[in-house]
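I opened a new page for this structure today.

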Amino acid sequence: PPPPSPPTQSCQTYDGDKLVQKCGFLFFDLHNITGQDGSSLLTSARIEHGYEYFVQFDGSGVPKQLPNCTVDSDTSNLGVQMRLDGGGCRTLGLINLMAFSAHPESSRLLVAATGGDSGRAVLIKAQCTPGAHYATLTETYEEGIVYNFNLVLPDKHCSLSPPTNTTTTTT
């Protein structure tokens, strides 16, 4: 049998910014995550299954207008599944419903988001990786209506101190 997974630790929003999470001794900064093309819209294709997936943390999430479809909801979507044959899109989770937990000892952040079409949800396992120059998203499998992804992050998105580009206000 596989070794048991280490226990997860809950995370707290840092300084009112939901995209900066403090998980134990580690900070995860989900701002300005970009893929190889420099875009914050991360993609993963599953050609053999006829789908492409989109994930975006910044701004209002995945854009409404995608190559083969238009998302018809007025929500800010963390993830969208697009049919490559032009048969439409499904939302996979809402930005405002993101929940975070972590395995700080392995620099891994778990991002779960519910609220997608017909109850769909997304689970992203983000791993900070030394030497990675850009983020890489891979759709790994579907478990019922939960879509699982691995996200390789450059290690600059994980640190022992809060990100310096966060604005702090003193009262």
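**Aromatic pairs**

I started with Tyr 14, which I count as partly exposed because its relative accessibility is 23%. The model is predicted, so I read every value as computed from it. The cut-off matters here: buried means under 20%.

Next I checked Phe 27, which is buried at 7% relative accessible area. A search of the whole structure gave me 4 aromatic pairs. Tyr 14 and Phe 27 make up one of them, edge-to-face, with 5.2 Å centre to centre and 85 degrees between the planes. This pair links distant parts of the chain: Tyr 14 sits in strand 2 (residues 12-14) and Phe 27 in strand 4, 13 residues apart.

Then I took Tyr 53 and Tyr 147. Their ring centres are 6.2 Å apart and their planes stand at 50 degrees, so I noted the pair as tilted. Tyr 53 belongs to strand 6 and Tyr 147 to strand 15, so the pair ties together parts 94 residues apart in sequence. Tyr 53 is buried, at 1% relative accessible area. Tyr 147 also counts as buried, at 2% relative accessibility. I also found one aromatic cluster formed by Tyr 51, Tyr 53, Tyr 147 and Phe 149.

**Cores**

Which residues touch the most other members of the largest nonpolar core? I found Phe 57, Leu 78 and Leu 109, out of 32 residues in that core. Strands that each supply at least two of its residues include strand 3 (17-23), strand 6 and strand 12 (108-113). Another core, of 8 residues, lies apart from it, and Leu 41, Leu 66, Val 80 and Met 82 are among its members.

I listed contacts for Phe 57, skipping neighbours within four places in sequence. Among them are Leu 19, Ile 33, Leu 78, Val 111 and Leu 151.

**Val 62**

I located Val 62 in the loop between strand 6 (51-55) and strand 7 (65-66). Val 62 counts as buried because its relative accessibility is 2%. Beyond neighbours within four places in sequence, its contacts include Leu 41, Phe 54, Leu 78 and Val 80. From Val 62 to Thr 75 I read 9.7 Å, C-alpha to C-alpha, and 13 residues in sequence.

Last, I traced an open sheet of 6 strands, in the order 1-11-12-13-15-14, with mixed pairing. Its edge strands are strand 1 (9-10) and strand 14 (136-143), each pairing on one side only. Strands 13 and 15 run parallel, joined by 9 bridges. Gln 127 stands opposite Val 152 in strand 15.

Key
Residues are numbered from 1 along each chain as its sequence is written. This is a predicted model: local features need pLDDT of at least 70, side-chain atom pairs count only at pLDDT 80 or more; totals for chains, interfaces and linings use all residues. Side-chain values use heavy atoms; hydrogens and water are left out. Helices (H or I, at least four residues) and strands (E, at least two) are DSSP runs, numbered from the N terminus. Buried means under 20% relative accessible area, exposed over 50%, partly exposed in between (1.4 Å probe, protein chains only). Contact means heavy atoms within 4.5 Å. A nonpolar core is a set of buried Ala, Val, Leu, Ile, Met, Phe, Trp, Tyr and Cys residues joined through side-chain atoms within 4.5 Å. Two strands pair if DSSP finds at least two bridges between them. Rings of Phe, Tyr and Trp (its six-membered ring) pair if their centres lie within 6.5 Å; planes under 30 degrees apart count as stacked, over 60 as edge-to-face and the rest as tilted.
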